[in-house]
Amino acid sequence: MTRTDGPVMESAEPQEGGRVMSAAPPAVVAEGLVFGWGRKPVLHGVDLEVRRGEVLALVGANGAGKSTFLQLVCAAEPYRRRFSRATKGRLEVLGLDPQTKGQRVRSQVGFVADHTELPEWMRVRDHLALVRAVHPRYDDAEAHRWLDAFGLDADAKHATLSKGQRMLESLAVALALRPPLLLLDEPFAGLDPVARRLVADGIIEHMCEEGRSVLLVSHSTADVERCADRVAVMAAGRVTAVETVEALRERAGGGDLEDALVAAAAEGRAA
Amino acid sequence: MRFSIDPRSPVTPSEQLADQVRFAVAAGRVGPGERLPSVREVARTARINPNTVSRAWRELELVGLLEARRGSGMFVTPEGPGLARTFRARAVAERLGRAAAEALDAGLGEDEVHELVRDACRAWEQAASLGAAGSENGADETAPEGETESDVEARG
């Protein structure tokens, strides 16, 4: 069920009155990670830690390397033989090296990309069957519970789903894995307020279980503010600043959080 | 007990929650020894990160208003109501002070300010006698500047 690698992660009301700090390894640790899809590196030494039990939002300009980093964490394409590997640095996901333990990492990570590549004729139901066949943590009842919550019909074909519905469908499947680590690439982009709220509900519900973590990429300041514990600013292939949302708000002095983010990014670049 | 968060408020969500608990305890809606809703319940209904709720509860625990009982949640301490009333008095005095300063700055006389406060109190009494409902909600007292649309939405 919600068992994670670490010891004793569950209790009736785990987060009451101060968090139980677990001995489990952090969700993600990157140290000096260098990586490029071709000859040109995209990541120029990323240092970042995603703790257990936190939602970390990765923000930054387009092309800063956010999605690339996410793909390395979820042990996807980069580790196919024909792609280059991380050339330098260390990456650990839930205490595992995604390069050598890709299978185990993938079995504990839920990944929602910013687009879907499923065939148009495929029904939501078929997608669930596919995931059920390949993923050890998949829980069918949970998947249907989320489809209901998101107002999605299991018989609908992907061709008939809107952009927002596709995002919600992917999220429903990811949540049905009850993954210790949930990775979301721009989950709020281009969605209407109702869909955005449903996505936020999904993240909040996910975080209600002890020891769960989320790493999300987003440009939506308001949604980041609502969901995230900490924000990491990425620029030119590096993480230039990491701050709690509270600290950023303080820095903004009651003003716009976006200004604080831009300031944090600028400071990081100057440093 | 229900909570609502105004995402546009300059007050952080965890501070908003803590304030709502303090006001509810000060008003006696939650008494000593009573249990607060769990972190999960509040996170789901107020639609905020559970860690934010934990932070608010922890802050109230640090000042001695709440105490954690292992495995069963957070409870109002015997000293809770006193602490909450002190906080309430301070918070209300500060808000009224700001409003009064604004009125005086705007050129109103002291008598006019008194008059306005009396009118406001009378209007509140009238509203309260018309519809006794709504006073259940802890958020009502903490949102004297008027509820925003998103507050109402978040509760619906």
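Helices (H or I, at least four residues) and strands (E, at least two) are taken here as DSSP runs, numbered from the N terminus. On that basis, chain B has 7 helices and 2 strands.

Good morning, colleagues. What you see is a predicted model, in which local features need pLDDT of at least 70 and side-chain atom pairs count only at pLDDT 80 or more, while totals for chains, interfaces and linings use all residues. Residues are numbered from 1 along each chain as its sequence is written, and chains are lettered from A and ligands numbered from 1 in the order in which they are written.

I shall begin with chain B. Along its sequence, the elements follow the pattern α-α-α-β-β-α-α-α-α. A residue is called buried if 20 or more other C-beta atoms lie within 10 Å of its own, exposed if 12 or fewer do, and partly exposed in between, with C-beta atoms placed from the backbone. By this criterion, 29% of the 156 residues in chain B are buried.

Consider helix α1 of chain B, residues 13-26. This helix has 14 residues and spans 20 Å from its first C-alpha to its last, close to the 20 Å expected at 1.5 Å a residue; the expected span is 1.5 Å times one less than the number of residues. Just after α1(B), Gly28(B) adopts a positive phi of about 80 degrees.

The two strands of chain B come next. Two strands pair if DSSP finds at least two bridges between them. Strand β1 (residues 66-69) of chain B pairs with β2(B) in the antiparallel sense over 4 bridges, and Glu67(B) stands opposite Phe75(B) in β2(B). Together β1(B) and β2(B) make a hairpin with 3 residues between them, and Gly71(B) in the turn has a positive phi of about 80 degrees.

Helix α3(B) deserves attention. It has 13 residues and reaches 18 Å from its first C-alpha to its last, close to the 18 Å expected at 1.5 Å a residue. Its buried residues include Pro50(B), Arg55(B), Trp57(B) and Leu60(B). What covers the buried residues of this helix? The cover includes α6 (193-207) of chain A, together with α1, α2, β1 and β2 of chain B. Just after α3(B), Gly64(B) has a positive phi of about 90 degrees.

That brings us to the contact between the chains. Residues are in contact if their C-beta atoms, placed from the backbone, lie within 7 Å. The contact takes 21 residues from chain B and 25 residues from chain A. On the side of chain B that touches chain A, the elements giving two or more residues are α2 (39-46), α3 (50-62) and β2 (73-76) of chain B. Which of them gives the most? It is α3(B), with 6 residues. This side of chain B divides into 9 nonpolar, 7 polar and 5 charged residues, where Ala, Val, Leu, Ile, Met, Phe, Trp, Tyr, Cys and Pro count as nonpolar, Asp, Glu, Lys and Arg as charged, and the others, Gly among them, as polar.

Finally, chain A. Its secondary structure comes to 9 helices and 9 strands, and 45% of its 271 residues count as buried. An open sheet of 6 strands has the order β5-β6-β7-β3-β8-β9 (chain A), with mixed pairing. β5 (109-112) and β9 (238-244) of chain A stand at the edges, each with a single partner strand, so one side of each has no neighbour in the sheet. Within the sheet, β6 (residues 181-185) and β7 (residues 213-217) of chain A run parallel and are joined by 5 bridges; Leu182(A) stands opposite Val214(A) in β7(A). Helix α1 (residues 66-73) of chain A packs on the sheet, touching β3 (55-60), β6, β7 and β8 (230-235) of chain A, and its direction makes about 150 degrees with that of β7(A). Such angles run from 0 to 180 degrees between N-to-C directions, with axes fitted to C-alpha atoms, for helices over the stretch in contact.

A nonpolar core is a set of buried Ala, Val, Leu, Ile, Met, Phe, Trp, Tyr and Cys residues joined through C-beta atoms within 7 Å. The largest such core has 100 residues, and Leu215(A) is one of those with the most contacts inside it. Beyond residues up to four places away in sequence, the residues that Leu215(A) touches include Val28(A), Leu70(A) and Leu183(A).

Conventions: Contact = placed C-beta atoms within 7 Å.
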